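Here is a short briefing to read alongside the model.

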Amino acid sequence: IMVIEFAARHFHAPNNIREYAENKVQKFMKYNKRATQCQIILEHEHNDHTAEISLSVPGNRFFAKAVTKNMVKSIDNAIEKTMHQLKKHMDVLHNHR
């Protein structure tokens, strides 16, 4: 079971944004069932919407950050970057056996 921690800095994140982010990070479990923790940090400053994703799997930690003018897009971009790191990590693991 992956523990999801959610934080919004400098603004109150509406429930739909929170649910959207939490549902999206569940995808990581498809690639690595051993993922233990995922932190989602959203920040809104001026017109910038920042999403940070920190994913922990045993022996590793993946981190990505995305800044756009739209929170959903920032969440998607940060998750995509994290997913890319995770897939690369899984490929390396499988190719070295």
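Which residue in β4 is the bridge partner of E52? The partner is K65. This is a predicted model, in which local features need pLDDT of at least 70 and side-chain atom pairs count only at pLDDT 80 or more, while totals for chains, interfaces and linings use all residues. Residues are numbered from 1 along each chain as its sequence is written, and side-chain values use heavy atoms, with hydrogens and water left out.

**Overall layout**

- The chain has 3 helices and 4 strands; these are DSSP runs numbered from the N terminus, with helices being H or I of at least four residues and strands E of at least two.
- Along the sequence, the elements come in the pattern β-α-α-β-β-β-α.
- A compact globule of 97 residues would have a radius of gyration near 13 Å, and the chain agrees with that at 14 Å (taken over C-alpha atoms; the globule rule is 2.2 Å times the number of residues to the power 0.38).
- Along the principal axes, the C-alpha atoms fill a box of roughly 50 × 25 × 20 Å.
- Of the 97 residues, 39% count as buried (buried is under 20% relative accessible area, exposed over 50%, partly exposed in between, with a 1.4 Å probe and protein chains only).
- Among contacts with a separation of 6 or more, 48% come from residues 24 or more positions apart (contact means heavy atoms within 4.5 Å).

**The sheet**

- The 4 strands make an open sheet with mixed pairing, in the order β1-β2-β3-β4 (two strands pair if DSSP finds at least two bridges between them).
- β1 and β4 are the edge strands, each with a single partner, so one side of each has no neighbour in the sheet.
- From one strand to the next, the twist averages 10 degrees (axes are lines fitted to C-alpha atoms, for helices over the stretch in contact, and angles run from 0 to 180 degrees between N-to-C directions).
- β1 and β2 run parallel and are joined by 7 bridges; here A7 stands opposite I41 in β2.
- Helix α3 packs on the sheet, where it touches β2, β3 and β4, and its direction makes about 150 degrees with that of β4.
- β3 and β4 pair in the antiparallel sense, over 9 bridges.
- The hairpin of β3 and β4 has 2 residues between the strands, and G59 takes a positive phi near 80 degrees there.

**Helix α1 and its two faces**

- I17, A21 and V25 are the buried residues to look for in α1. They cover an arc of only 60 degrees around the axis, so they sit on the same side of α1 (the arc is that of the directions from the helix axis to the C-beta atoms).
- An α-helix has 3.6 residues a turn, so residues three or four places apart point the same way.
- The buried residues of α1 pack against β1 (3–9), α2 (28–31), β2 (37–45), β3 and α3.

**Salt bridges**

- Searching the whole structure gives 5 salt bridges (a side-chain nitrogen of Lys or Arg within 4 Å of a carboxyl oxygen of Asp or Glu).
- D76 and K24 form one of them, at 3.8 Å from N to O. D76 lies in helix α3 (residues 71–95) and K24 in helix α1 (residues 15–25), so this pair ties together parts 52 residues apart in sequence. D76 is partly exposed at 24% relative accessibility, and K24 is partly exposed at 22%.
- K69 and D48 form another, with the closest N and O atoms 2.9 Å apart. K69 is in the loop between β4 (60–68) and α3, while D48 is in strand β3 (residues 48–57), 21 residues apart. K69 is exposed at 61% relative accessible area, whereas D48 is partly exposed at 30%.
- The side chains of K65 and E52 also meet in a salt bridge, at 3.8 Å from N to O. K65 belongs to β4 and E52 to β3, so the pair ties together parts 13 residues apart in sequence. K65 is partly exposed, with a relative accessible area of 42%, but E52 is buried at 12%.

- S56 is placed in strand β3 and counts as buried at 10% relative accessibility.
- Leaving aside neighbours within four places in sequence, S56 is in contact with A35, T36, Q37 and R61.
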